[in-house]
Amino acid sequence: MRVRDARPEDNAALVDLAARCAMEGDLALCIDRRPDFFALNRIGGEAWRVGVVDGDDGPIACVAVARRPSYIDGRPAQLGYVGDLKVHPAHRRRGAARVLAQWAHDAARELAGPNAPLIGTVLAGNDAVDMLRRQVEPGVRRQATIRSHSIDLLTRRRIPPGDLTVTVATSADEPEMVELWHRVAASRQYAPVCESFPLDRPDLDYLVARRPGGELAGFVGLWNQHDIKQMRVTGYSTRLAAARLAFNVAAPLLRVPRLPRAGEELSYRTVVNPCVPDPQTLRTLIRHACNRLHGQHSFLTIGLDVRDPLAAALTGLRAQPTDVDLLVLGGPDGQATPVHFEIATV
């Protein structure tokens, strides 16, 4: 079984592969990468590769690697990221995942350097880490659990008392945002090194919080990922299907989008580049974000290390959790340091 670098003409096959790799649960979802599978890879790192294994009619499995400038123990350094490991359901348990993992290990080392830490994620409880230790690299370890919180946007949220003023960021805010990022992100393991923020993109808004004297207290990005990937519903459990029907009856009264049928897209936004020094600031920004998005989307998602003190900001928001384990090869143990991890940095 051989791994080769993906080519532009593989796009249609890789889009189809991603759609076939559903995440099962009460709400079954797949990630639709139309129209361009490689769009997410292009924004996920400064250098990247996608490896594929071919079947009789083209790619039946893939994995991606990227190089990301990140903070490691408070200093800018290179980091290798491994992700997008997908194997067509009809071709699983035949060795494709193992050879792709080995290829990804070697390719990420080439991109990021022989001593750079390599990171990736798997759903919590997945036995992939044991396979990696046995067949690819015994030094792989679980370093953190990242909890993705899905916050429903059914109702407007009460803004907590305080003296913060929240507005949409403009170009005038960017120098202060970069300065604050350098101070805050350096204390968060694997946070990306950012020298600018895209404030003119139609798919990305930033909210900034300021104190009474005008000092920047924090900010978050709100990313609409529709143009590069869509979360498509593939099915509901019996219990959730009944709840969906009841919800959709009430949706017009609540002035919120109905939950989609199987095959349709789930409307959501994702928090990216959160830059806050304390839970209170994040709580204020997230609640303002919920109110801003109410009536437009169904969910707002944010991922945080389960050890992160900032997670206290989500108390009372009816957030539904999904856990993924962060796997690390090399680099510091950092067991006491909260990890900053995002699937893509924008």
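The buried residues of helix α1 pack against β2 (27-32), β3 (47-55), β4 (58-72) and β5 (75-87). The model is predicted: local features need pLDDT of at least 70 and side-chain atom pairs count only at pLDDT 80 or more, while totals for chains, interfaces and linings use all residues. Residues are numbered from 1 along each chain as its sequence is written, and side-chain values use heavy atoms, with hydrogens and water left out.

**Helix α1**

- In helix α1 (residues 11-20), the buried residues are Asn11, Leu14, Val15, Leu17 and Ala18.
- These residues lie on the same side of α1 because they cover an arc of only 160 degrees around the axis; the arc is that of the directions from the helix axis to the C-beta atoms.
- Buried means under 20% relative accessible area, exposed means over 50%, and partly exposed lies in between (1.4 Å probe, protein chains only).
- Helices (H or I, at least four residues) and strands (E, at least two) are DSSP runs, numbered from the N terminus.

**Strand pairing**

- Strands β7 (residues 141-152) and β15 (residues 320-329) pair in the antiparallel sense over nine bridges; two strands pair if DSSP finds at least two bridges between them.
- Within this pairing, Val324 in β15 is the bridge partner of Ile146.
- Strand β7 also pairs with β14 in the antiparallel sense, over seven bridges, and Thr301 in β14 stands opposite Ser150.

**Ser298**

- Ser298 is located in the loop between α7 (279-293) and β14 (299-305).
- Ser298 counts as buried because its relative accessibility is 9%.
- Apart from neighbours within four places in sequence, Ser298 is in contact (heavy atoms within 4.5 Å) with Ile151, Asp152, Leu153, Pro257, Leu259 and Ser267.

**Salt bridges**

- Side chains of opposite charge can pair when their charged atoms come close.
- The structure holds 27 salt bridges, each being a side-chain nitrogen of Lys or Arg within 4 Å of a carboxyl oxygen of Asp or Glu.
- Asp54 forms one with Arg4, with the closest N and O atoms 2.7 Å apart. This pair links distant parts of the chain, since Asp54 is in strand β3 and Arg4 in strand β1 (residues 3-5), 50 residues apart.
- Asp54 is partly exposed at 35% relative accessibility, whereas Arg4 is buried, at 10%.
- Arg4, Asp10 and Asp54 are linked in a network of salt bridges.
- Asp323 forms a salt bridge with Arg147, the closest N and O atoms being 2.7 Å apart. Asp323 lies in strand β15 and Arg147 in strand β7, so the pair ties together parts 176 residues apart in sequence.
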